[in-house]
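User: Hi! I've got a model open and would like to walk through it with you. Could you take a look?
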Amino acid sequence: MPTLRLGSTAPDFEAETTKGRIRFHEWIGDSWAILFSHPDDFTPVCTTELAEVSRRSPDFQSRNVKVIGLSANGLESHHKWILDINEWGKTDLQFPIIADADRRVATLYDMLDYQDAANVDKKGLPLTVRTVFVIDPKKVIRLLISYPAATGRNFNEILRAVDSLQLTDRHRVTTPANWQPGEDVVVHAAVPTEEARQLFPNLVEHKYYLRTTAQPA
């Protein structure tokens, strides 16, 4: 199985989900997508994460991002767990969760935990780590983050990264450390300074290789 890297095509697959059977690439369509895995159903950290993503559905929708979860359990378990998530999180989870009891998709995306010997199911099979794949409309993997099972994800950071990816796709800029939407950005190093002065009226030249400007609209 080839290693998945930034720039790899996200593997296509068919799977059963809490919203019916899907073919992944077809489900993504012309949207961005976030595929994020969970070690197991009815686990505390996963419950907080899924509730958070559900509550922030408008934030993902406004960015043309579809979200889809994955856990190494079957559909019946998923549907029961969603009731708990909705109750605890005071939400109404509507995005699909992939049923991956056989670890087929988790293996395809190299999500299984090879570090934590305790992160296994009752049969001793490894569960997944907390992997995040951000995939663009061309089905290309643009961001890949893996968290250990004990560490919940920061969805503020994931949304910030999506904002950066979408902005830098539209304009010849990059985003600096700790950047937040609306703050100044860095002019791409490949843009010559003379051209940068024409493209960005608010250009500030700190060093010949470090030039900043107001975030383009």
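Predicted model: local features only at pLDDT ≥ 70, side-chain atom pairs only at ≥ 80, totals over all residues.
User: Let's start with D110: is D110 buried, partly exposed or exposed?
Analyst: D110 is partly exposed, because its relative accessible area is 48%. Buried means under 20% relative accessible area, exposed over 50% and partly exposed in between, with a 1.4 Å probe and protein chains only. Residues are numbered from 1 along each chain as its sequence is written, and side-chain values use heavy atoms, leaving out hydrogens and water.

User: Thanks! Where is D110 found?
Analyst: D110 is in the loop between α5 (104-108) and β6. Helices (H or I, at least four residues) and strands (E, at least two) are DSSP runs, numbered from the N terminus. The phi of D110 is near 55 degrees, a positive value in a residue other than glycine.

User: And what is phi near for K139?
Analyst: For K139, phi is near 70 degrees, again positive in a residue other than glycine. K139 is found in the loop between β6 and β7 (141-147). With a relative accessible area of 14%, K139 is buried.

User: Switching to strands. Why is β3 largely enclosed by the rest of the structure?
Analyst: Because 7 of the 7 residues of β3 (residues 32-38) are buried. W32, I34, F36 and H38 point one way from the strand, while A33, L35 and S37 point the other way.

User: Which way does β3 run with β4, and how many bridges join them?
Analyst: β3 and β4 (residues 65-71) run parallel, joined by 7 bridges. Strands count as paired if DSSP finds at least two bridges between them. In this pairing, W32 stands opposite V65.

User: How about β3 and β6, parallel or antiparallel?
Analyst: Antiparallel, over 4 bridges, with β6 spanning residues 130-135. Here A33 stands opposite I135.

User: What joins β10 to β11?
Analyst: A hairpin, through 2 residues. β10 (residues 204-207) and β11 (residues 210-213) are antiparallel, with 3 bridges, and E205 stands opposite R211.

User: Now the core. How many residues does the largest nonpolar core have?
Analyst: The largest nonpolar core has 26 residues, and those with the most contacts inside it are I34, F36, L50, F60, V67, F95 and V134. Several elements supply at least two residues each, including β3, β4, β6 and α6. α6 gives the most, with 6 residues. A nonpolar core is a set of buried Ala, Val, Leu, Ile, Met, Phe, Trp, Tyr and Cys residues joined through side-chain atoms within 4.5 Å.

User: What does F36 contact?
Analyst: Leaving aside neighbours within four places in sequence, the contacts of F36 include L50, V53, V67, F95 and F155. Contact means heavy atoms within 4.5 Å.

User: Last one: what does S164 touch?
Analyst: Not counting residues up to four places away in sequence, S164 touches T175 and W179. The side chains of S164 and T175 are joined by a polar contact of 2.7 Å. A polar contact is a pair of N or O atoms within 3.5 Å; within protein, one must be able to donate a hydrogen and the other to accept it, and residues adjacent in sequence count only if both atoms are side-chain atoms. S164 sits in α6 (residues 155-170) and counts as buried, at 14% relative accessibility.
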